[in-house]
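Here's a quick briefing to read alongside the sequence and the 3D view. Keep the viewer open and click on each residue as its name comes up.

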Amino acid sequence: MSGTAAIAVDTGVPGVRAAFTTRAGGVSAKGHASLNIGAATGDDAGAVRRNRAIVARDLGFDAARAVVLAQVHGADVVHVGQIGRAHV
């Protein structure tokens, strides 16, 4: 990793990758500083895209292929198919 705090997790499932991040190493300002990757936080959308690109670069994947889900506490399972499409 080059400056970000992204920690890859071995999911044990071929083709499925997961990671955790801290707030270090990004471009967001003020209350979102600095590595905010949440699009629904009120942060500048361009900064979020750049932060996601930083994480993708540091973890070695194409940011355009990343699937980002909204975290909820429940029992539903989400099936991810084509990029940009998921269903419960």
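**Starting point: aspartate 43**

Once you set aside its neighbours within four places in sequence, aspartate 43 is in contact (heavy atoms within 4.5 Å) with Ser28, His32, Asn36 and Val48. Before you go further, know that this is a predicted model, where local features need pLDDT of at least 70 and side-chain atom pairs count only at pLDDT 80 or more, while totals for chains, interfaces and linings use all residues. Residues are numbered from 1 along each chain as its sequence is written, and side-chain values use heavy atoms, with hydrogens and water left out.

**The chain as a whole**

- The chain has one helix and four strands; these are DSSP runs numbered from the N terminus, with helices being H or I of at least four residues and strands being E of at least two.
- Of the 88 residues in the chain, 18% are buried; buried means under 20% relative accessible area, exposed means over 50%, and partly exposed is in between (1.4 Å probe, protein chains only).
- Take the contacts in the chain with a separation of 6 or more: 19% of them are between residues 24 or more positions apart.

**More on aspartate 43**

- Aspartate 43 sits in the loop between β2 (18-21) and α1.
- Why does aspartate 43 count as buried? Because its relative accessibility is 11%.
- Although buried, aspartate 43 has no salt bridge, and the nearest side chain of opposite charge, arginine 50, is 7.8 Å away. For charge, Lys and Arg count as positive and Asp and Glu as negative, with His and the chain ends not counted.
- The side chain of aspartate 43 does make a polar contact with the side chain of asparagine 36, at 2.9 Å. A polar contact is a pair of N or O atoms within 3.5 Å; within protein, one must be able to donate a hydrogen and the other to accept it, and residues adjacent in sequence count only if both atoms are side-chain atoms.
- Another polar contact, of 2.5 Å, links the side chains of aspartate 43 and serine 28.
- Aspartate 43 and serine 28 are 15 residues apart in sequence, and their C-alpha atoms are 7.3 Å apart in space.

**Others in the β2-α1 loop**

- Lysine 30 is in the loop between β2 and α1, and has a positive phi of about 50 degrees although it is not a glycine.
- With a relative accessible area of 79%, lysine 30 is exposed.
- Glycine 31 belongs to the loop between β2 and α1 too, and is exposed at 61% relative accessible area.
- Serine 34 is also found in this loop, and a cis peptide bond with an omega of about -5 degrees joins alanine 33 to serine 34.
- Arginine 23 is in the loop as well; leaving aside neighbours within four places in sequence, arginine 23 is in contact with Gly31, His32, Ala33, Ser34 and Leu35.

**The helix and the core**

- Which residues make up the largest nonpolar core? Ala6, Leu35, Ile54, Val55 and Leu59 do; a nonpolar core is a set of buried Ala, Val, Leu, Ile, Met, Phe, Trp, Tyr and Cys residues joined through side-chain atoms within 4.5 Å.
- Helix α1 (residues 45-59) gives this core its largest share, three residues.
- Valine 55 is in contact with Ala6, Thr21, Leu35, Ile37 and Phe61, leaving aside neighbours within four places in sequence.
- Asparagine 51 is in helix α1 and is buried, with 0% relative accessibility.
- The side chain of asparagine 51 reaches the backbone oxygen of asparagine 36 at 2.8 Å.

**The salt bridge**

- How many salt bridges does the count give? One, where a salt bridge is a side-chain nitrogen of Lys or Arg within 4 Å of a carboxyl oxygen of Asp or Glu.
- Aspartate 58 forms a salt bridge with arginine 57, with their closest N and O atoms 2.9 Å apart.
- Aspartate 58 is buried, at a relative accessible area of 14%.
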